[in-house]
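Q: I'm new to this one. Can you walk me through it?
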Amino acid sequence: MKKKYTSLLVFLLALNVNYAQSIDPKYTSKRNISIEEAKTQYSKDVELAIQNNIPLSFNNPDGSFSEFVRFEMGAPVYYRTLNSQSASMMGANRVYPGGDLGLNLTGRDVYIGVWDQGAPMANHSTFGSRLIIYDDPSASSSLHHTHVAGTVLGAAPNTPTARGIAYAANGFSSNWTNDISEMRFLQTNFGIVASNHSYGVDLSRLPASNLPSIFGKYTSASREIDELLYEFPYYSVVFAAGNDRDGYATYNPDKAGNDLLTSEGVAKNTIVVGAVEGFDTYNGPSSVVMSSFSNYGPTDDFRIKPDLVSKGVSVYSSSNTSSTGYTSLPGTSMAAPSVTGAIALIQQKYNSTAKAATVKGLLLHTAKEAGTADGPDHKFGWGQIDVAEAIYTTMTPSRSVVEELTYTGTPQIKYIQATGNEPLKVSISWTDPSGNADNTTSVDDSTPKLRNDLDIRLTQNGTTYSPWYLNKDFNDLRTLKGDNNVDPFERIDIDNPSGVYQLTISNKGSINVQNFSLIITGGYLTTNSVSDFDSSNIMTWVNNDRVLNVDATKLESSIHKMSIYDVSGRLVLNKSTNSNVITQELNGLTLGYYILNLDLDNGKRYTKKIYVK
């Protein structure tokens, strides 16, 4: 493996001699422009490459494909298909027809995009008539594009094991050469809510002098993606993390496999996905085993990247060998499309109206813990994607909150009542304005790229709880709890919560307006600043005849609604009342604990755990 990479770099150094003197090292292609301008720009870049004897494409020894796409800092940039796997250990079966959440989600009526090498085999039976090749229907099909698109939305009518995540979604497919301009057009005119990009910069084609500085750097490509996503706040973009860790000794030898993300993988607002091995049942963090190749972060300013991981080893999906062909492939290329498909399922639940910050927040908030230490890290991100839990969070008001809010520069205070029967997690997520691109050869500039720095804190009885952040030291990469000034997502975890917590949302610097999403699990918003469990003016008990008794005669306000939830958050009883003395038969409930909510006319809510024998 090392010998292969070394030979490629030797070839590249020779190539570099031919063009270094004739291309301005400050020259960077424009990308965030109209489709017509982008095509003109690309033609100009291709002509410049040909004039300087720069090859336009390569078939690589490992079977992947590289194609020239632009110039950056005077050097040619090649996209490379990131070959290696993906599947659905994300609980998608729970939201499919017949799943235990009763949702029947399939991605139907949701529109997504796939940008990749060449074109997919559009007449493959897995796509039916749901996939439209946008840019060049006559282009030759590629295995990579066909496999990726199949993982996102393939129906695999006769091969269930190859079915995509959002198997009834509609898709637009396009070649990667004019990706940003086409993304803007398709979002504007067809309302795509997400797109998949299983490609990245081919490191073996970069000048060796550029390699030390490219890793983790917020470049023009990073900024342009962030600009696009800030312009279109309902649009989610998923990028593969890349598969270069096997060759880190060649590319970034001083970082021991860390700090390998580049280009769009360093953007703030994208969802960057790493690849892990498969598992049958999640039994804790050790169930999630990292692949040998998936790139680690973090970014130069120590943002937590990649964001998530998903299965990327031996992913079975459509191939271009025939209209009914399927094959297994590995790679972050195969992990990313499963996340894109998951986003389509979430957007179907929301009727395609959820903001991207909400979608990203739900996925990061509910990810399954992975790695050797608690919390997120620069290897697994926030953990293994769990789309079922993400969607379930939107359905359980007795133990969760999902709100899209606006911050206008003034701190906001809210109160959260912990349910007490699960960890309390509180997070905020937002789409941040683009930062300033760094197109210099500086290495590891840790200047934060965050523009609008929102902060969350929970307080109770003089104790303050802070969000996770990554330690800013490449020699000591671990997550801590404290002030996070780089990530546009913050989450606070309390393992054994009890009572009411004050949530304070504030900011550093100057912010005029910033939309954000608030997500809570293990609690709900209340108007009380003290625990709902502390009242001595209300008595509740369940007698041996399974009759619930409520005596609230000492209260000055009347009870107007009583509701009972099981411990999973499912509403099992909902009753209106105008009496402070209630008797209610519970014969329809099974043995176990339940959560009783009593809503009063004065806006307060009293909550108590009850046991039904």
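Here is a short chat about pockets, sheets and a few single residues.

A: Keep in mind that this is a predicted model.

Q: Okay. What volume does the largest pocket have?
A: About 510 Å³.

Q: Which residues are closest to its centre?
A: H365, A367, P423, K425 and R491 are the closest. They belong to a lining of 24 residues.

Q: Which elements give two or more residues to the lining of the largest pocket?
A: Those are α9 (356–366), α10 (387–393) and β21 (489–494). The largest share comes from β21, with three residues.

Q: How do the lining residues divide into nonpolar, polar and charged?
A: Seven of the lining residues are nonpolar, five are polar and twelve are charged.

Q: Let's switch to strands. In which sense do β15 and β22 pair, and over how many bridges?
A: β15 covers residues 412–418 and β22 covers residues 500–508. They pair in the antiparallel sense, over six bridges.

Q: Which residue in β22 is the bridge partner of I416?
A: Y501 is the partner of I416 there.

Q: How many bridges join β15 to β24?
A: Four bridges join them, and the two strands run antiparallel. β24 spans residues 523–526. In that strand, G523 is the bridge partner of A418.

Q: Now the sheet with β25 in it. What is the strand order?
A: The order is β25-β26-β29. It is an open sheet of three strands with antiparallel pairing.

Q: Why is one side of β25 and of β29 left without a neighbour in the sheet?
A: β25 (539–542) and β29 (581–585) stand at the edges. Each has a single partner strand, so one side of each has no neighbour in the sheet.

Q: By how many degrees are neighbouring strands of this sheet turned against each other?
A: By 10° on average, with direction ignored.

Q: And how many bridges join β26 to β29?
A: Five bridges join β26 (residues 547–551) to β29, and the two run antiparallel. As an example to look for, N549 stands opposite T583 in β29.

Q: What about the sheet of four strands? Which order do they take?
A: That open sheet runs β28-β27-β30-β31, with antiparallel pairing. Its edge strands are β28 (571–576) and β31 (605–612), and each pairs on one side only. The twist averages 20° from one strand to the next.

Q: New topic: peptide bonds. Is the bond from G297 to P298 cis or trans?
A: The bond from G297 to P298 is cis, with omega near 0°. P298 is in the loop between β10 (271–276) and β11 (308–311).

Q: And the bond from K305 to P306, cis or trans?
A: That bond is cis, with omega near 0°. P306 also lies in the loop between β10 and β11.

Q: Where is A256, and what is its phi?
A: A256 sits in the loop between α7 (248–251) and β10. Its phi is positive, about 55°, although A256 is not a glycine.

Q: Is A256 buried or exposed?
A: A256 counts as exposed, because its relative accessibility is 55% and the cut-off for exposed is over 50%.

Q: How about D444? What is its phi?
A: D444 has a positive phi of about 60°, and it is not a glycine. It is found in the loop between β16 (424–429) and β17 (453–460). D444 is partly exposed, with a relative accessible area of 25%.

Q: Helices next. How many residues of α3 are buried?
A: Ten of its eleven, so α3 (residues 143–153) is mostly covered. The buried residues include H144, H145, H147 and L153.

Q: Last one: I214. Where is it, and is it buried or exposed?
A: I214 lies in helix α5 (residues 211–214). It counts as buried, at 11% relative accessibility.

Q: Which residues does I214 touch?
A: Leaving out residues up to four places away in sequence, I214 touches E72, L206, T219, L261 and T262.

Q: What separates I214 from S318?
A: Their C-alpha atoms are separated by 34 Å, and the two residues are 104 residues apart along the chain.

Definitions and conventions:
Residues numbered from 1 in each chain as written. Predicted model: local features only at pLDDT ≥ 70, side-chain atom pairs only at ≥ 80, totals over all residues. Heavy atoms only, no water. 1 Å grid on protein atoms, 1.4 Å probe; cavity = no way out; pocket = protein on both sides within 12 Å on 5 of 7 lines; lining within 4 Å. Points joined across faces, edges and corners; volume = space filled by probe spheres on them. Nonpolar A, V, L, I, M, F, W, Y, C, P; charged D, E, K, R; others polar. Pairing = 2+ DSSP bridges. Axes fitted to C-alpha atoms, helices over the stretch in contact; angles between N-to-C directions. Buried < 20%, exposed > 50% of the residue type's maximum accessible area, 1.4 Å probe, protein only. Contact = heavy atoms within 4.5 Å.
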